[in-house]
Each structure stands twice: as C-alpha cells, then as structure tokens.
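Hello,

Here is the structure we talked about handing over. Please look through it alongside the notes below.

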Amino acid sequence: MTEKKDNLEEQKELKDNEEKVHEETTEQTEQELVENEEVVEAIELEDDLEDFTDEELEEEPKGKLAQYMGPILYSLLGIMIVAALIFTYYVFPFFSKVSGEWTGSSASGTFKIVNKGKDSEFRFVDMNGTKGLDLIFESNLSRKGVNQYDVTNTKVKLSLSKKDISKENIEAMKKETKLVKVEKETAKEVILSYTKEGIQSSFGDTKLNDLFHYQLSDINWMLKGETLVLKNQVFANPSLDFQRK
C-alpha cells in the first residue's frame, strides 16, 4: 500500500510540475507576444512620425511659395497694366493730349492754337501787325503717328474786332464778296469766311491741310506733353514751338 501511495504522489507531483511548466511557458509566450506587439507599434509609430515629418518638409516650401505667389502675380499684373497704358499713350495720339490752348511766337508774329477734341483752331493774332485783325484756320485733327497729328477740312476765316478796326475798314472788307463772305457778326466782331477764289488768291495752289503738321514733345513724368511743335513753311520757317497755356 505504501508503495502504491508513493507512486500516486509521484504521478501527482509530475502532473503538477507539467502544469506549472505549461503555465510558465504560456505566460512567457504571452509576454513575448505583448513585447513583440509593443515593438511593432513603436516601429509603426516611428514610421508614421517620419512620414509626417517628410510631408511637412515637402508641404512647407509649397505653402510658402503659394503664400508669396499671389502678391507676386498681382505685382506683375500691375506692372503689365502700367506698361500697357504708357505704351498706349505713346503709340496712340489721343486728341485729349493736345487739348487746350497753346501759344507761340516768331518774327512773323504771335500765334495761338486752341484744340477741343478733334476741332483745332490756329490763329495768327494781329496779322501783319494790324491790331484786331486775326487770320484763323479751322481744321479737324487726324492721326499721323506716335504723338503726331495732321489736319483735314481746313477752312480760312478773318476775325475783325470792332473795337480795334474802324467801321469804314470793316465795311470795305465786307464788300469784297468775291474773296470773303460774312459768316457771323456780333457787337464785338465780324467773322469773314474765305471763298474758293479768296483762298486761291491768297494761297495759290497750296493745300490748306498741308500747312499744319503737329508733333507733341517734351513728355514729362505725368505723361503730359509740354510742347506742341508746328511744322509749317509759311508761318513756322520751318517749325515753331507752342507752349501749353
């Protein structure tokens, strides 16, 4: 009996040892699995951080570039617009650039130009030293080139001041119906228009439009011309500068 009992105890002890070893092995395996999972998670986290850092490094220059591209593009657009306006101003001779009153003088006398839109008036003030007698050329401005102007539809007139010219002289000139005709008369002046015969008598075969060729010069920083040059063999010999009044 004693021997049998001892065998049973040995078997029980062996079984207990096996169970203990199994439990220890299971615990060790589970611990190793946990450690392996922690290592994997750490590696994955480290990879994620590296990827995030790489993305930040890639996006940061792009963000800065996008931040500055807007102002740069707007600045370039502004420069292009200004350049286009300046180019347009120089290339296209808008009549507004020569609008207003211009004055000039030479040995022949004093001259005045008045431009309103396309309408241009050239006036020989006190022609040939006769006070109150103005020779007037009325024309339409036309484009010739960069800040250059020609004229069309030129007509010739005389302005007689009743204050400076005697009534007798005015009446005598009014009677020259072959050369002039009364266009307008007010309390202050009489306007006489040249007839075809009068133009032929005074200017011969000269075409009136060919008497006037203008060039705007001395463009200042405000893109405003200060000098209007008249190229004319009759009054300018060969050119005459007019200053804006």
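Predicted model: local features only at pLDDT ≥ 70, side-chain atom pairs only at ≥ 80, totals over all residues.

For the protein chain the mean pLDDT is 79, and 67% of the residues reach 70 or more.

Overall layout

The protein chain contains three helices and 10 strands. In sequence order they follow the pattern α-β-β-β-β-β-α-β-β-α-β-β-β. Of the 245 residues, 27% are buried. Among contacts with a separation of 6 or more, 43% are between residues 24 or more positions apart.

The core

The largest nonpolar core has 35 residues. Those touching the most other members are Phe122, Leu135, Phe137, Phe212, Tyr214, Leu228 and Phe242. Two or more core residues come from each of β2 (109-116), β3 (119-125), β4 (133-145), β5, β7, β8 (213-219), β9 (225-231) and β10 (239-244). The most come from β5, which supplies five.

Phe122 is worth a look in the viewer. Setting aside neighbours within four places in sequence, Phe122 is in contact with Leu135, Phe137, Phe212, Tyr214 and Phe242, among others. The contact list of Phe122 also includes Phe111, Lys112, Ile113, Ile136, Leu230 and Phe235.

Asp150

Which strand holds Asp150? Asp150 sits in β5, which runs over residues 148-161. Asp150 is buried but forms no salt bridge. The nearest side chain of opposite charge belongs to Lys144, at 4.3 Å, and this is not a salt bridge because the cut-off is 4 Å. The side chain of Asp150 does make a polar contact of 2.7 Å with the side chain of His213. Apart from neighbours within four places in sequence, the residues in contact with Asp150 are Asn140, Leu141, Ser142, Lys144, Phe212 and His213. One of these, Phe212, was named above among the core residues that touch the most other members.

Pro93

Pro93 is in the loop between α1 and β1 (100-106). Its relative accessibility is 7%, so Pro93 counts as buried. What does Pro93 touch, not counting residues up to four places away in sequence? The list is Arg143, Gly145, Asn147, Gln148 and Tyr149. Between Pro93 and Gly145 there are 7.0 Å from C-alpha to C-alpha, although the two are 52 residues apart in sequence.

Two positive phi angles

Most residues other than glycine have a negative phi. Two residues to check against that are Asp126 and Asn147, neither of them a glycine. Asp126 has a positive phi of about 50°, and Asn147 has a positive phi of about 55°. Asp126 is in the loop between β3 and β4, while Asn147 is in the loop between β4 and β5.

Are these two residues buried or partly exposed? Asp126 has a relative accessibility of 28% and therefore counts as partly exposed. Asn147 has a relative accessibility of 3% and therefore counts as buried. Asn147 is also one of the residues that Pro93 touches.

Regards

Technical notes:
Residues numbered from 1 in each chain as written. Heavy atoms only, no water. Helix = DSSP H or I, 4+ residues; strand = E, 2+ residues; numbered from the N terminus. Buried < 20%, exposed > 50% of the residue type's maximum accessible area, 1.4 Å probe, protein only. Lys, Arg positive; Asp, Glu negative; His and termini not counted. Polar contact = N/O pair within 3.5 Å; in protein donor to acceptor, adjacent residues only side chain to side chain. Contact = heavy atoms within 4.5 Å. pLDDT = per-residue confidence, 0-100. Core = buried A, V, L, I, M, F, W, Y, C linked by side-chain atoms within 4.5 Å.
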